[in-house]
Structures are given as C-alpha cells and as structure tokens.
Amino acid sequence: MNLDYFTLIDRIVDLNLDEKRITVEAQVPVAHTIFEGHFPGFPIMPGVLLTEAMAQSSGWLILGVLKFERMPFLAIVKEAKMRGFVSPGSLLTIEAKLEHEGSGFAVTKVKGRIGKELKCSAELTFGLAPFPDPALRVHMDAMANKIGFPLQAITHD
C-alpha cells in the first residue's frame, strides 16, 4: 500500500474472470503521517481509505472482465460499513464480485478482512468510459504488471 501515490492494492492473489471475482492483498503501512492525525495514540486506517481500497480492487476486476476496453470510475458508494478497526501493519485481504455490468455501469459487492475477521464491506457502482487519455492506459498496464495482474488472461491491444 503506497498511501502517498494513492495505490492501495499491493498484489492480486486471485482473479477468476469466469466467476467475475478477484482477491487482492493490501499491506497497511506500519508508519505513515496519516496515522499521526488518525488518531494520536490510537492509529487506525481511515474508513474512506478502506472504501478506496475496495474500489480499487473492484476496478481491477472490472478492467479484467472488460479486457481493458473501458475504464471504471467510482460513481456510487452504497451500504459501506466499517465493521472494525484496521491497524497499521495489518494485511488486508479484499474480495470483490461483479454483480452487474451493462448500460455503461458496473456494480460490485466487496468485503475486506484481516485474517478471517470482516472489517469492511460495500456495494459499489462504477461508470464505464473509454480511457480518456492514452497515457492513462499505459499507466494502467504498468500498474497491472506491478501488482501481478495476469494480463495473459485477457486479450487487448
């Protein structure tokens, strides 16, 4: 997890395009300035960043299902629940399932766990659009390689 660059996913553990599921891991940093203010003496991962980690996980799933033909942009966060504290140094495992894709939108259901303990969940809706700039597409390909996205699982230009 690189909070400074808003890269919240470290690696893809499993991507099953037939079942439209993904599992990723995100190692919460042991130390970061964000924990100095959230909260002094009791550092925990902010819920908005847990939500973003769930959104990024879903985004990688959607990119895979759509074969990198369109870019997902977070549009709606529904029923987001923070169910427990996520401490610095924790390994967060996030699982997302694509529930719907069509009419320019995609909906996922996502859960984040530390070990077997559920820490967060949400239903997320994404707008789907062509990549707005070729440089973004190049960046996404590089990030896919960095986090272990199995590009051989999809066909794209």
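Predicted model: local features only at pLDDT ≥ 70, side-chain atom pairs only at ≥ 80, totals over all residues.
Helices (H or I, at least four residues) and strands (E, at least two) are DSSP runs, numbered from the N terminus. Residues are numbered from 1 along each chain as its sequence is written, and side-chain values use heavy atoms, with hydrogens and water left out.

**The charged surface**

A patch is built from residues with over 30% relative accessible area and no salt bridge, like charges being joined within 9 Å and nonpolar side chains (Val, Leu, Ile, Met, Phe, Trp, Tyr) within 5 Å. The areas come from the Shrake-Rupley method with a 1.4 Å probe, and for residues only the protein chains shown count as cover. Lys111 itself has a relative accessibility of 40% and therefore counts as partly exposed, where buried means under 20% relative accessible area, exposed over 50%, and partly exposed in between (1.4 Å probe, protein chains only).

**Salt bridges**

Next, display the side chains that pair by charge, a salt bridge being a side-chain nitrogen of Lys or Arg within 4 Å of a carboxyl oxygen of Asp or Glu. The count by this rule is six salt bridges, and three of them are visited here.

- Select Glu101 and Arg70, whose side chains form a salt bridge at 3.2 Å, N to O. This pair links distant parts of the chain, since Glu101 belongs to strand E4 (residues 91-102) and Arg70 to the loop between helix H2 (47-65) and E3, 31 residues apart. Glu101 is partly exposed at 34% relative accessible area, and Arg70 is partly exposed at 27%.
- Select Arg21 and Glu19, which meet in a salt bridge at 3.7 Å, N to O. Arg21 is partly exposed with a relative accessible area of 40%, and Glu19 is partly exposed at 45%.
- Select Glu117 and Lys119, where the closest N and O atoms of the salt bridge are 3.1 Å apart. Glu117 is partly exposed at 48% relative accessible area, while Lys119 counts as buried at 9%.

**Backbone stops**

Now switch to a backbone view. Most residues other than glycine have a negative phi, and most peptide bonds are trans. Lys20, in the loop between strand E1 (11-16) and strand E2 (21-27), has a positive phi of about 55° although it is not a glycine; its relative accessible area of 36% makes Lys20 partly exposed. Ser103, in the loop between E4 and E5, also is not a glycine and has a positive phi of about 55°, and at 75% relative accessibility Ser103 counts as exposed. The peptide bond from His38 to Phe39 is cis, with omega near 0°, and Phe39 lies in the loop between helix H1 (34-37) and H2.

Colour H2 next. Its 19 residues reach 27 Å from the first C-alpha to the last, close to the 27 Å expected at 1.5 Å a residue, the expected span being 1.5 Å times one less than the number of residues. H2 is mostly covered, with 15 of its 19 residues buried, and H2 is followed by Lys67, whose phi is positive, near 55°. For a distance check, pick the C-alpha atoms of Leu74 and Gln56, which are 9.0 Å apart in space and 18 residues apart in sequence. Leu74 is in strand E3 and is partly exposed, with a relative accessible area of 38%.

**The nonpolar surface**

Finish by selecting Phe39, Phe42 and Phe85, which form a nonpolar patch on the surface with about 320 Å² of accessible area together. Phe85 sits in the loop between E3 and E4, and at 52% relative accessibility Phe85 counts as exposed.
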